[in-house]
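Let us work through how a few features of a protein model can be read, taking each general idea before the particular case.

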Amino acid sequence: FAQIVKSCEPVFAAVVGLLVPPPDIKPPLAHAMLIPIVGGVGIACVKEGKGIDINVEAFMYASIANVAAAFKGKLGGSVTKALKGD
């Protein structure tokens with residue numbers, strides 16, 4: 001389950017990249033390639049005969065961590081430059 005949530009981090013980064021100025025627009029194919037990555041990890045994590053055991057609370061906290069990591073990646077460079085005074 002943790003691998004599935006962690007594999008979603010590039011999806012969160014792509015969404016944050018589009019929404020936070022300046023927008024980081026990638027080709028549609030780049031965004032489409034996220035689907036087989038996340039889907040493949042999800043399929044690999046399915047237990048035979050048991051499915052996926054999802055803890056909703058853990059999923060929410062992991063998603064918040066993914067959003068925070070996406071914002072860190074998007075804003076980190078500009079904040080560092082601003083603090084250095086360049």
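The dialogue below takes up helix packing, a peptide bond and a pocket in this predicted model.

Q: How are two packed helices described, and at what angle do α2 and α5 pack?

A: Two packed helices are described by the angle between their axes together with the distance between those axes. Here α2 (residues 9-19) and α5 (residues 56-84) pack at an angle of about 50°, their axes being 8 Å apart, and the two helices are therefore oblique to each other. In passing α5, helix α2 makes a right-handed crossing.

Q: Which residues make the contact between α2 and α5?

A: From α2 come Glu9, Phe12, Ala13, Val16 and Gly17, while α5 supplies Ser63, Asn66, Val67, Ala69, Ala70, Phe71 and Lys74. Sorted by class, this contact has 7 nonpolar, 3 polar and 2 charged residues.

Q: Is the peptide bond from Pro21 to Pro22 cis or trans?

A: Most peptide bonds are trans. The bond from Pro21 to Pro22, however, is cis, with omega near -10°, and Pro22 lies in the loop between α2 and α3 (28-32).

Q: What volume does the largest pocket have, and which residues line it?

A: The largest pocket has a volume of about 170 Å³, and its lining consists of Pro10, Ala13, Ala14, Gly17, Asp24, Lys26, His31, Leu34 and Lys74. Helix α2 provides the largest share of that lining, 4 residues, and by class the lining has 4 nonpolar, 2 polar and 3 charged residues.

Notes:
Residues numbered from 1 in each chain as written. Predicted model: local features only at pLDDT ≥ 70, side-chain atom pairs only at ≥ 80, totals over all residues. Heavy atoms only, no water. 1 Å grid on protein atoms, 1.4 Å probe; cavity = no way out; pocket = protein on both sides within 12 Å on 5 of 7 lines; lining within 4 Å. Points joined across faces, edges and corners; volume = space filled by probe spheres on them. Nonpolar A, V, L, I, M, F, W, Y, C, P; charged D, E, K, R; others polar. Axes fitted to C-alpha atoms, helices over the stretch in contact; angles between N-to-C directions. Parallel < 35°, antiparallel > 145°, perpendicular 65-115°, else oblique. Left-handed = near helix turned anticlockwise from the far one by under 90°. Contact = heavy atoms within 4.5 Å.
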